[in-house]
Amino acid sequence: MVEFYRVRVRTKGNTDVIDITQHVADAVEKSNKKDGIAVVFVPGSTAAITTIEYEPNLVKDIKNIMEKLVPSNIEYLHHKTWGDDNGSSHIRASIVKPSLTVPFQNKELLLGTWQQIVLMDFDTREREREIIIQIIGE
Ligand code: ZN
């Protein structure tokens, strides 16, 4: 059987990077599964889930490089569709992707020592995000 958890996280938007590793570890701990996979998913087309080494300078590097890769100050046709300003947010989110699968064994996430699970919110405003964590295993 699949177990299902929801977590709410407040973000500042604008490539806000938030460490959600503990939320995923807690879901694995609460579940009745010992070995399996945790699927972490963020609904929404301007946020993403990935892993990084969560340290302040690398978080700044991510913001800087995202601005170079997918600039926010160029013209996006999307802005004509709804009159919004988040064309770069959608493209950044689609590149990083909305979900991640992490294996666990004996209730321990099999992450590297310097590898944290993060939510990246690329929207141009503050948001409250819901993160879905599914635990599959035995
Ligand atoms: Zn939009």
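Among contacts in the protein chain between residues at least 6 apart in sequence, what percentage join residues at least 24 apart? The value is 82%. Keep in mind as you look around that this is a predicted model.

**The chain as a whole**

The protein chain contains eight strands and four helices, and reading along the sequence gives the pattern β-β-α-β-β-α-α-α-β-β-β-β. Its C-alpha trace spans about 50 × 30 × 20 Å along the principal axes. How does the radius of gyration fit a compact globule? For 138 residues such a globule would have a value near 14 Å, and the 16 Å of the protein chain agrees with this.

Of the 138 residues, 41% are buried. The protein chain exposes about 8,000 Å², and 53% of that comes from carbon and sulfur atoms. As for charge, there are 17 positive and 20 negative side chains, with the centres of the two sets 3 Å apart.

Five strands make up an open sheet with antiparallel pairing, in the order 1-8-3-5-6. Strand 1 (3-11) and strand 6 are at the edges with a single partner strand each, so one side of each has no neighbour in the sheet. Strands of a sheet pair through backbone hydrogen bonds, and they can do so in a parallel or an antiparallel way.

| Strand pair | Bridges | Direction |
|---|---|---|
| Strand 1 and strand 8 | nine bridges | antiparallel |
| Strand 3 and strand 8 | six bridges | antiparallel |
| Strand 3 and strand 5 | six bridges | antiparallel |
| Strand 5 and strand 6 | two bridges | antiparallel |

V7 stands opposite I131 in strand 8. Strand 8 covers residues 127-137, and its G137 is the bridge partner of G36. Strand 3 takes in residues 36-41. I37 faces P103 in strand 5, and A38 has V102 of strand 5 as its bridge partner.

**A closer look at strand 5**

Which side chains of strand 5 are buried? In this strand, residues 99-105, the side chains alternate: L100, V102 and F104 point to one face and are buried.

Strand 6 itself runs over residues 108-109. Strands 5 and 6 form a hairpin with two residues between them, and N106 in the turn has a positive phi of about 50 degrees.

**A serine in helix 4**

Finally, visit S88, which sits in helix 4, residues 87-96. Is S88 buried or exposed? Its relative accessible area is 3%, so S88 is buried, given that buried means under 20%. Leaving aside residues up to four places away in sequence, S88 touches V70, P71, S72 and Y76.

Definitions and conventions:
Residues are numbered from 1 along each chain as its sequence is written. This is a predicted model: local features need pLDDT of at least 70, side-chain atom pairs count only at pLDDT 80 or more; totals for chains, interfaces and linings use all residues. Side-chain values use heavy atoms; hydrogens and water are left out. The radius of gyration is taken over C-alpha atoms; the globule rule is 2.2 Å times the number of residues to the power 0.38. Buried means under 20% relative accessible area, exposed over 50%, partly exposed in between (1.4 Å probe, protein chains only). Contact means heavy atoms within 4.5 Å. Accessible areas come from the Shrake-Rupley method with a 1.4 Å probe; for residues, only the protein chains shown count as cover. Lys and Arg count as positive and Asp and Glu as negative; His and the chain ends are not counted. The place of a charge is taken as NZ of Lys, CZ of Arg, CG of Asp or CD of Glu. Two strands pair if DSSP finds at least two bridges between them.
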